[in-house]
Amino acid sequence: MARKVVNRQEKAAEADAAEKLAAEAKRKKASKRKTKKAAADVRLRLYWGVFSQNLKRVAVFDFDKQSEAVKRAEELSKGGKSPHFVQKVKEEIKPE
């Protein structure tokens with residue numbers, strides 16, 4: 001059986017053409033990309049929150065008043081009531 005003769009020049013030309021098509025496709029694909037808008041700067045403020053066992057916020061204290069928040073949680077937990085705990089809370093500051 002005879003094999004088909006391969007012309008290396010033709011094969012090289014085909015490979016070059018395929019590379020050019022791939023490069024054009026990438027370039028078109030890259031140009032179609034839309035730039036995302038920069039997210040607006042969101043400013044947050046940190047507070048201490050007193051929460052019940054059901055994760056309901058009972059009270060909020062400024063960040064420098066942690067001791068008061070802990071005292072409030074202890075007061076609410078006394079007498080066999082459900083335990084309360086203190087946790088950091090971040091809230092967005094709305095610009096005016």
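Visitor: How many positive and negative side chains does the protein have, and how far apart do the centres of the two sets lie?

Guide: The protein carries 26 positive and 14 negative side chains, and the centres of the two sets are 6 Å apart; Lys and Arg count as positive and Asp and Glu as negative, with His and the chain ends not counted, and each charge is placed at NZ of Lys, CZ of Arg, CG of Asp or CD of Glu. This is a predicted model, in which local features need pLDDT of at least 70 and side-chain atom pairs count only at pLDDT 80 or more, while totals for chains, interfaces and linings use all residues. Residues are numbered from 1 along each chain as its sequence is written, and side-chain values use heavy atoms, with hydrogens and water left out.

Visitor: OK, what does the secondary structure come to?

Guide: There are two helices and three strands, which follow the pattern α-β-β-α-β along the sequence; helices (H or I, at least four residues) and strands (E, at least two) are DSSP runs numbered from the N terminus. The radius of gyration, taken over C-alpha atoms, is 33 Å, well over the 12 Å that the globule rule (2.2 Å times the number of residues to the power 0.38) gives for 96 residues, so the protein is more spread out than a compact globule.

Visitor: And what does the C-alpha trace span along its principal axes?

Guide: The trace spans about 100 × 45 × 20 Å, and buried residues make up 14% of the 96 residues, where buried means under 20% relative accessible area, exposed over 50% and partly exposed in between (1.4 Å probe, protein chains only).

Visitor: Which residues are in the largest nonpolar core?

Guide: That core has seven residues, namely Trp-48, Val-50, Ala-59, Phe-61, Ala-69, Ala-73 and Leu-76; a nonpolar core is a set of buried Ala, Val, Leu, Ile, Met, Phe, Trp, Tyr and Cys residues joined through side-chain atoms within 4.5 Å. Strand S1 (44-51), strand S2 (57-62) and helix H2 (66-77) are the elements that give two or more residues to this core, and H2 gives the most, with three.

Visitor: Switching to the loop between S1 and S2, is Ser-52 buried or exposed?

Guide: Ser-52, which lies in that loop, counts as buried at 10% relative accessibility. Leaving aside neighbours within four places in sequence, Ser-52 is in contact (heavy atoms within 4.5 Å) with Val-58, Pro-83, His-84 and Phe-85.

Visitor: What about the phi of Leu-55?

Guide: Leu-55 has a positive phi of about 65° although it is not a glycine; Leu-55 is also found in the loop between S1 and S2, and is exposed, with a relative accessible area of 61%.
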